[in-house]
Amino acid sequence: MLDSLPLGVRVVTGWEEVYAGQYRRLVALVAVAAGSRVEAEEAVQEAFVRALGLTGRRAVVDDPEGWLYRVAVNVARSRWRRLLVARRIAERVPPDPGDRDGPHGLTDSRLMLLAALRRLPFGQREALALHYLADLPVEAVAVRVGVPIGTVKARLSRGRDALARLLSEDAVKGGKRHV
Amino acid sequence: MSDLDFAGLGEQLAADAYQPSFGSIRDRRRRRTQRWAVGAATLAVVVTLGSVAATGAGRGRGDRPAGPPGPVAPPPVGVMSVRASPSGTLYAVVQRCVADCSAAAPPVEYSLLRSTDLGTVWTTVGPLDALGPALSSGPFGGGPGSLIVVSDSVMWRFGDDAARSSVDGGRTWRPSTVGTIDGGSSLGVAGGIVWLSQNGQVTVAGGGDAFTPTAAQPPGDGPLSLSAISADRVVVERAGGHTSGSGRWYVTSDRGADWAPFGDPCAGTTHPGTSGAYLSATPDGGLWAVCMPDGAGQTGVDVATSLDGGVTWQPHAAGPGGDDLLPMSTTVAWRGGTDSDIYRTTDRGAHWIDVAPVGQFQRDGAPQDTKAFFVATAVDADTALYVNHSPGMPAALIHLTRDGGHTWTTHPVRL
């Protein structure tokens with residue numbers, strides 16, 4: 001599992017240290033929740049930009065990783081931002097021969113897992129990411145996501161079942177697009 | 001899950017992530033700050049949940065009806081929350097880009113809008129300030145940051161660690177210190193009173209006053225899930241410290257002066273003792289309980305109804321659909337939620353009919369990845385509407401039913 005900042009750590013000005021230590025971990029979490037590493041990178045960077053803009057009492061952030069995660073997920077989920085990012089990528093950025101969101105570096109099993117995760121509803125993806133990638137207990141996932149513990153448990157249960165089904169289907173007949 | 005390489009996937013994604021220098025992050029912050037210094041906008045948090053390409057450019061504030069579209073291309077509008085007051089008036093929180101709208105994170109401003117004709121015409125009540133990254137809302141407009149409409153005069157907005165209240169219909173707002181609003185907090189509104197549980201404590205606010213702890217607190221410790229029944233009656237479920245359903249539920253009928261045990265409303269469902277349950281009251285004295293699974297192997301949402309104040313309950317499996325329930329009477333209720341269509345029952349939850357396919361607007365990855373805000377109004381049990389937008393549409397769409405979801409009329413609206 002990925003290392004985590006202990007809960008309750010307070011950050012006043014040390015965002016650079018948090019950036020150095022937590023950026024990649026946050027990208028991984030948001031990538032699974034949002035379904036795209038490219039969007040996750042954009043979203044996490046945007047979260048840090050906003051963190052640097054906090055002033056006064058809001059500049060003291062309990063659980064900075066949790067704060068950054070929530071902001072990044074909100075950003076990633078924003079359709080508005082997605083459209084703008086997509087437009088910018090389409091208009092200004094030449095095609096990336098490496099396809100940073102593609103199979104580069106991922107084994108077949110991880111590719112299949114990531115593809116299956118993308119086909120789950122957001123809530124289930126997020127719960128699975130926080131519970132299994134970040135190794136957060138169910139109670140902490142509930143706090144992080146802002147839903148009752150029972151809802152988290154239900155999402156984990158449904159997500160596990162769906163993953164098992166999707167991976168089983170993929171193993172037999174290849175992936176199919178979730179609609 | 002042990003056979004799935006979550007750890008390896010996470011480590012691989014982290015290793016492959018492109019990480020620009022922290023200096024570039026600082027530069028982006030600096031450029032944005034400079035833009036604000038000379039620009040028109042003051043709010044920086046872009047947390048749009050539904051992006052609506054609608055008008056609003058140059059429109060003054062006040063109670064003027066929305067005018068016809070102008071010749072200038074309008075900036076994007078995001079719908080943040082849509083709520084109905086007990087009188088049936090609709091209120092919406094929207095954000096608008098005010099400058100440099102093609103930027104990745106343009107400055108935005110928030111406004112409160114009002115409609116007294118079920119969404120046909122919207123007027124601007126006044127500006128709103130941002131309340132932090134928690135400014136978001138679920139399909140039914142609940143959750144931290146959303147607009148809480150107690151009446152056409154009294155309203156609340158909640159952010160991460162702050163709240164605003166208004167006693168003049170949203171024209172002016174004053175801050176209220178409420179502490180951190182997080183997943184352990186829950187809100188309830190009934191009889192003009194707002195109840196809030198935080199850090200295992202029940203607090204209450206009348207009108208736009210500050211929240212104060214009730215005279216007594218429910219026994220035990222741990223997070224509280226709160227369900228407001230009336231101005232004086234609240235039922236809470238205390239999580240943690242208990243292993244069975246009995247004794248976890250408590251009720252007060254005197255606004256928190258005394259608390260007594262309350263029977264588990266989910267006892268007769270397939271989720272007895274669940275930690276994921278809440279109650280809703282109807283004007284005609286009915287109680288509805290939503291019982292969600294909280295253990296491995298459990299699936300499906302159950303509902304239970306009570307006609308005697310929670311002494312006895314009639315359970316039903318709710319079937320497909322979400323776990324956000326809006327009961328209108330002892331027999332009629334609407335139900336939806338994340339990724340869910342809107343369902344309706346007219347027989348106390350025994351049968352549910354899919355009346356609106358809004359789930360397609362909410363599923364991630366769907367072609368129309370749109371937020372749909374559903375509002376059941378107090379006009380009558382058959383009247384409800386939802387607001388949605390799809391990319392490329394010139395305005396938000398209002399879908400209105402006056403016959404319980406059998407037929408819907410749709411019209412575009414400029415917010």
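1. Let's start with chain B of this predicted model. Of its 415 residues, 52% count as buried. As for contacts in chain B between residues at least 6 apart in sequence, 43% of them join residues at least 24 apart.

2. Now over to chain A, and a word on confidence before you zoom in. The mean pLDDT of chain A is 70, with 65% of its residues at 70 or more. Residues 1–12 of chain A have a pLDDT below 50, and this stretch has 28 contacts in the model beyond near neighbours in sequence. Residues 79–104 of chain A are also below 50, with 27 contacts counted in that way.

3. Next, have a look at helix H7 of chain A, residues 138–145. Six of its eight residues are buried, so the helix is largely enclosed by the rest of the structure. Which ones are buried in H7(A)? They are Ala140(A), Val141(A), Ala142(A), Val143(A), Arg144(A) and Val145(A).

4. H7(A) has a partner in helix H6 of chain A, residues 122–133. Their axes come within 9 Å and cross at roughly 130°. The two helices are therefore oblique to each other, and H6(A) passes H7(A) in a right-handed crossing. On the H6(A) side, the contact is made by Glu126(A), Ala127(A), Leu130(A) and His131(A); on the H7(A) side, by Val138(A), Val141(A), Arg144(A) and Val145(A). Sorted by class, that contact has five nonpolar, one polar and two charged residues.

5. H6(A) also meets helix H1 of chain A, residues 15–34. Here the axes come within 7 Å and cross at roughly 150°. Angles over 145 degrees count as roughly antiparallel, and that makes H1(A) roughly antiparallel to H6(A). The crossing of H1(A) and H6(A) is right-handed.

6. Who touches whom in that pair? From H1(A) come Ala28(A), Leu29(A), Val32(A) and Ala33(A), and they meet Phe122(A), Arg125(A), Glu126(A), Ala129(A), Leu130(A) and Leu133(A) of H6(A). By class, this contact has eight nonpolar, no polar and two charged residues.

Definitions and conventions. Residues numbered from 1 in each chain as written. Chains lettered and ligands numbered in written order. Predicted model: local features only at pLDDT ≥ 70, side-chain atom pairs only at ≥ 80, totals over all residues. pLDDT = per-residue confidence, 0-100. Contact = placed C-beta atoms within 7 Å. Buried ≥ 20, exposed ≤ 12 C-beta atoms within 10 Å, placed from the backbone. Helix = DSSP H or I, 4+ residues; strand = E, 2+ residues; numbered from the N terminus. Axes fitted to C-alpha atoms, helices over the stretch in contact; angles between N-to-C directions. Parallel < 35°, antiparallel > 145°, perpendicular 65-115°, else oblique. Left-handed = near helix turned anticlockwise from the far one by under 90°. Nonpolar A, V, L, I, M, F, W, Y, C, P; charged D, E, K, R; others polar.
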